[in-house]
Amino acid sequence: MEPSCKNCGAELHGEWCHECGQRAMKGRWTVKSAFTQLFSAITNVERGFLFTIIQMAIRPGTVIKDYIEGKTRPYFPPFRYAFILVTISAVLTVWSGIFDTQQEAFSYFEQADQTESQAVFQQQLGEGIKRFLNLLIIIVLPFYALSTWLLLRKKGYNYAEHMIASIYLVGQTSFYGIFMVPLYFFAPDMMTLSMGVS
Ligand SMILES: [Zn+2]
């Protein structure tokens, strides 16, 4: 009798099930197979992730074009890529105090005749943004993609393809944002200066 897939029952021809994609399982779990899986989970994630960061830094156009055209295997999936990097960057921005510094910089422009309740609202808004900073950046994505799609419609890419490009680019921008944190610690004045409120 031919071996069958333990997940969907399809007849197996080779290492992977052609129906559901599960790897053929021979026999039972062993300590060795469990550790092999743990090890490959760690190293594979790192390889795809670091590889994508490096490729996005040196040839972002190739990564995006490859992925859109279906060559997805070498790259870390765009949404997870952006989610991880945006979250790291958002957490560091809040933790380091950069976010508060920026908030102060913005309040510099506020009107002097602001009422008490307006000030309270402003503060609560700031706290809310702080807590969901990473989600907010991700919520903005579809609109960001919409604008690039409208601008570059003639290139022939559809909206979903623009989404993929935007997601990768937002992830990469967040990755570079991480480097703002040490900069802020070494030269906090430069940060305020760059925001035009020295
Ligand atoms: Zn199967």
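This is a predicted model: local features need pLDDT of at least 70, side-chain atom pairs count only at pLDDT 80 or more; totals for chains, interfaces and linings use all residues.
Student: What makes up the protein chain, in helices and strands?

Tutor: The protein chain has 9 helices and 0 strands. Along the sequence the pattern reads α-α-α-α-α-α-α-α-α.

Student: How much of the protein chain counts as buried?

Tutor: Of its 198 residues, 15% count as buried. A buried residue needs 20 or more other C-beta atoms within 10 Å of its own.

Student: What share of the contacts joins residues at least 24 apart?

Tutor: The share is 56%, taken among contacts between residues at least 6 apart in sequence.

Student: Why is helix 1 said to lie largely in the open?

Tutor: Count its buried residues. The number is 2 of 28, so helix 1 lies largely in the open.

Student: How do you know that the span of helix 5 agrees with its 16 residues?

Tutor: Helix 5 covers residues 116-131 and should span 22 Å at 1.5 Å a residue. Its end C-alpha atoms are 23 Å apart, which agrees.

Student: What makes helix 5 "hardly covered"?

Tutor: Among its 16 residues, the count of buried ones is 0.

Student: Why is helix 3 called roughly parallel to helix 7?

Tutor: Start with the angle. Helix 3 (residues 78-96) and helix 7 (residues 159-177) pack at about 25 degrees, with their axes 8 Å apart. Angles under 35 degrees count as roughly parallel, and that makes helix 3 roughly parallel to helix 7. Their crossing is left-handed.

Student: Which residues make that contact between helix 3 and helix 7?

Tutor: Helix 3 brings Pro78, Phe79, Tyr81, Ala82, Leu85, Val86 and Ser89. Helix 7 brings Ile164, Ile167, Tyr168, Val170, Gly171, Ser174, Phe175 and Gly177. By class, the contact of helix 3 with helix 7 has 11 nonpolar, 4 polar and no charged residues.

Student: Which residues of helix 3 and helix 6 are involved?

Tutor: From helix 3, they are Ala82, Phe83, Val86, Thr87, Ala90, Thr93 and Val94. From helix 6, they are Leu133, Asn134, Ile137 and Ile138. The contact of helix 3 with helix 6 divides into 8 nonpolar, 3 polar and no charged residues.

Student: What makes helix 6 and helix 7 oblique to each other?

Tutor: They pack at about 125 degrees, with axes 8 Å apart. The perpendicular class stops at 115, and the antiparallel class lies over 145. Helix 6 and helix 7 are therefore oblique to each other. Helix 6 passes helix 7 in a right-handed crossing.

Student: Which residues of helix 6 and helix 7 meet?

Tutor: In helix 6, Ile137, Leu141, Pro142, Tyr144, Ala145, Thr148 and Trp149 meet residues of helix 7. Their partners there are Tyr159, His162, Met163, Ala165, Ser166, Ile167 and Val170. The classes are 11 nonpolar, 3 polar and no charged.

Student: Why is valine 91 called partly exposed?

Tutor: Valine 91, in helix 3, has 13 other C-beta atoms within 10 Å. Exposed means 12 or fewer, and buried means 20 or more. The count of 13 falls in between, so valine 91 is partly exposed. In sequence, valine 91 and leucine 133 are 42 residues apart; in space, 8.3 Å, C-alpha to C-alpha.

Student: Why does proline 3 count as exposed?

Tutor: Proline 3 has 11 C-beta neighbours inside 10 Å. The exposed class takes 12 or fewer, so proline 3 counts as exposed. Proline 3 lies in the segment before helix 1. Leaving aside neighbours within four places in sequence, proline 3 is in contact with Leu12 and Ala24.

Student: What makes arginine 73 exposed?

Tutor: Its 8 C-beta neighbours inside 10 Å do. Arginine 73 sits in the loop between helix 2 (60-68) and helix 3. Its C-alpha atom is separated by 8.9 Å from that of glycine 48, 25 residues apart along the chain.

Note on methods. Residues are numbered from 1 along each chain as its sequence is written. Helices (H or I, at least four residues) and strands (E, at least two) are DSSP runs, numbered from the N terminus. Two residues are in contact if their C-beta atoms, placed from the backbone, lie within 7 Å. Axes are lines fitted to C-alpha atoms, for helices over the stretch in contact, and angles run from 0 to 180 degrees between N-to-C directions. Angles under 35 degrees count as roughly parallel, over 145 as roughly antiparallel, 65 to 115 as roughly perpendicular and the rest as oblique. A crossing is left-handed if the near helix is turned anticlockwise from the far one by less than a right angle, and right-handed if clockwise. Ala, Val, Leu, Ile, Met, Phe, Trp, Tyr, Cys and Pro count as nonpolar, Asp, Glu, Lys and Arg as charged, and the others, Gly among them, as polar. The expected span of a helix is 1.5 Å times one less than its number of residues.
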